[in-house]
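Subject: Structure handover

Hello,

Please find the structure below. My notes on it follow.

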Amino acid sequence: MVWDVLTDFSAYKEWNPLITLADGRIEVGHRLALRIAPQGRIAYIVRPRLSKVVPERELRWRRRMPLLTTEQLFELEPVPGGTKLVLGQEAWGTLVPGEGSGRLGRMRERALRDYAPFEAALRDRVGASMRP
């Protein structure tokens with residue numbers, strides 16, 4: 001159930017407060033079109049590539065920019081009575097300083113803050129099948 005909602009990009013506009021439009025084929029190497037609308041900031045379009053697709057287990061998309069690459073990850077783990085979702089973001093490149101400090105630390109904090117409404121809305125959408 002969680003995987004079905006997470007990968008139904010055409011329905012994101014109905015429930016997702018962060019990614020308000022999404023389009024693309026769920027297949028490694030394919031480019032997505034995502035409209036990201038972080039709370040309190042201007043919305044923007046990104047076109048990341050799917051870097052990992054393991055049905056019912058993991059979805060990742062990667063965005064390459066000059067001097068920086070980021071990867072958004074969604075890991076699903078079966079647990080008694082449902083599914084546990086782990087959201088995360090990894091970053092690497094010449095703009096990334098030492099672990100947990102400076103710009104990278106701020107980027108991670110902002111990504112976690114930005115994706116909190118996404119996670120809450122996904123939890124609402126799938127109901128009791130998603131576990132903390």
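**Salt bridges, sheet and core**

Glu71 and Arg62 form a salt bridge, with the closest N and O atoms 3.0 Å apart; the term stands for a side-chain nitrogen of Lys or Arg within 4 Å of a carboxyl oxygen of Asp or Glu. Before the rest, a word on the basis: this is a predicted model, in which local features need pLDDT of at least 70 and side-chain atom pairs count only at pLDDT 80 or more, while totals for chains, interfaces and linings use all residues. Residues are numbered from 1 along each chain as its sequence is written, and side-chain values use heavy atoms, with hydrogens and water left out.

The side chains of Arg62 and Glu71 are also joined by a polar contact of 3.0 Å (a pair of N or O atoms within 3.5 Å; within protein, one must be able to donate a hydrogen and the other to accept it, and residues adjacent in sequence count only if both atoms are side-chain atoms). Arg62 is located in strand S5. Helices (H or I, at least four residues) and strands (E, at least two) are DSSP runs, numbered from the N terminus. With a relative accessible area of 26%, Arg62 is partly exposed; buried means under 20%, exposed over 50% and partly exposed in between, using a 1.4 Å probe and protein chains only.

Setting aside neighbours within four places in sequence, Arg62 is in contact with Pro48, Arg49, Ser51, Thr69, Thr70, Glu71 and Trp92, where contact means heavy atoms within 4.5 Å. Arg62 and Glu90 are 28 residues apart along the chain, and their C-alpha atoms are separated by 9.2 Å.

Glu71 has a salt bridge with Arg60 as well, the closest N and O atoms being 2.9 Å apart. Because Glu71 lies in strand S6 (residues 68–79) and Arg60 in strand S5 (residues 58–65), this pair ties together parts that are eleven residues apart in sequence. Glu71 is buried at 3% relative accessibility, and Arg60 is buried at 13%.

The search of the whole structure finds nine salt bridges. Another of them joins Arg123 and Glu119, with the closest N and O atoms 3.3 Å apart. Arg123 and Glu119 are four residues apart in helix H3 (residues 102–126), so about one helical turn separates them. Both count as partly exposed, Arg123 at 26% and Glu119 at 24%. Elsewhere, salt bridges that share partners join Lys52, Glu58, Arg60, Arg62, Glu71, Glu75 and Glu90 into one network.

Next, the sheet. Three strands form an open sheet in the order S1-S2-S3, with antiparallel pairing; two strands pair if DSSP finds at least two bridges between them. Strands S1 (19–23) and S3 (44–46) stand at the edges with a single partner strand each, so one side of each has no neighbour in the sheet. Strand S2 (residues 33–36) pairs with S3 over three bridges, and Ile36 has Tyr44 in S3 as its bridge partner.

The largest nonpolar core has 26 residues, and Ile19, Trp61, Phe74, Phe118 and Leu122 have the most contacts inside it. Such a core is a set of buried Ala, Val, Leu, Ile, Met, Phe, Trp, Tyr and Cys residues joined through side-chain atoms within 4.5 Å. Elements giving two or more residues to this core include helix H1 (2–6), helix H2 (12–15) and strand S7 (82–92). H3 gives the most, with five residues.

Regards
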